[in-house]
Amino acid sequence: MQYREDKRSGNKLSILGFGCMRFPNRMGVIDQEAAESLILQAYERGVNYYDTAYAYPGSEEALGKALAKHGLRDKVHVVSKLPHSKTKSIDDVERFFTTSLKRLQTDYLDYYLIHNIVDSVQWQRLVDMGIEQWIAGKKATGAIRNIGFSFHGSLEEFKATLSAYDWDIVQIQYNYMNEHYQAGCDGLHFAAERGIPVVIMEPLLGGKLATGLPETARKAFALVEPDRHPATWGLRWLWDQPEVTVVLSGMNDPAQMEGNCTAADEAVPGCLSLDERAAYEVVREEFGKSYKVPCTGCNYCMPCPKGISIPACFAAYNTSYSIDWMTGMMGYLTSVGANGQDLHLVSDCVECGACKKKCPQHIDVPEELKEVRKRLQPNPFGTVLKAYSRFPFKIV
């Protein structure tokens, strides 16, 4: 495992961080045994940065239980996040923080982030509540070792927010397909020039750059390194850049963990060859042709009031372009529950806008669902599906 220094604190952080939002689960409930096994595997391979959040259902509890059981708490860096949009007073901030500590079975956090900041106005709202004094108090007692924020807004707002306070760390979305999206490359350099460590989220676009590449893109990579997994290509592009401190990956099976840790054993700044850099250019072009909706599958838009499985429908829609229409259609049928009696079609959308407000990618969800409907649920297909759903027996 390679490590890079957080120059603000002096901590040596593993270049691969464990993103704990997507722990393995059964029927929506985290599989503690499987999650614990992955946490141990990560630790044994040298991962020392574990990222969770108050808003990730069951994640803090699962991580805290595993670290406490195996005596690992003081051997790793634990990160959690404040759901600032739910706070109305500094008492709420204290309550969320205390709850996170209890779930994580700890009395301090190595890094505490303000979750999902999109503009400097949101930070100012917290300042008006007195959060600067609150942070100072927590730092004085050691309950918070380092403070930062995760960001999902424009470059201009990123710079404004970063300049508004003496931050210890920052987390941005960044990958080879999102080089100039949100904070992007310029934001990465803006933070690094100020000595602020940068943690990368969504390095593989919610897994799309690992498993969703069209065949033409895969072939472009294979011409250079035939045995390298697409996920490794995505991670190496980031680790090639010295301004990147930690890259988070939501690994949810042992093979993913092993592959990513192996990649992190040898990745150093400047590791990419000219041939590799050329391959990324080809892949960007080919992937861009099929990636119609930039959904990362974070599920922040859920639950939908009408029961629509929004991320799954977008995944099916993108698949209909990246692979073929029939594969996308099969994914859509599964997403809407076509083989059961609990059917929720994209045509059920009432354009309430709740999803649009919560999307960190700023996707106009209702408008994009209309495009999904045109491609995967043309009239009168929706009527046929609703009639079919009423039958007690289904064709499996």
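Of the 396 residues in the chain, 53% count as buried. The model is a predicted one, and its secondary structure comprises 17 helices and 12 strands.

**Overall dimensions and contacts**
- The radius of gyration of the chain is 21 Å, which agrees with the value near 21 Å for a compact globule because that is what the rule gives for 396 residues.
- Along the principal axes, the C-alpha atoms occupy a box of roughly 65 × 50 × 45 Å.
- When contacts between residues at least 6 apart in sequence are considered, 75% of them link residues at least 24 apart.

- Strand β11 spans residues 198-201 and is covered on both faces.
- Val198 and Ile200 lie on one side of β11, Val199 and Met201 lie on the other, and all four are buried, each with under 20% relative accessible area.
- In a regular strand, side chains alternate between the two faces of the sheet.
- Strand β10, residues 169-173, pairs with β11 in the parallel sense, and the pairing runs over four bridges.
- Gln173 has Met201 of β11 as its bridge partner; Met201 is also among the buried residues of that strand.

Terms used: Residues numbered from 1 in each chain as written. Predicted model: local features only at pLDDT ≥ 70, side-chain atom pairs only at ≥ 80, totals over all residues. Heavy atoms only, no water. Helix = DSSP H or I, 4+ residues; strand = E, 2+ residues; numbered from the N terminus. Rg over C-alpha atoms; globule rule 2.2 N^0.38 Å. Buried < 20%, exposed > 50% of the residue type's maximum accessible area, 1.4 Å probe, protein only. Contact = heavy atoms within 4.5 Å. Pairing = 2+ DSSP bridges.
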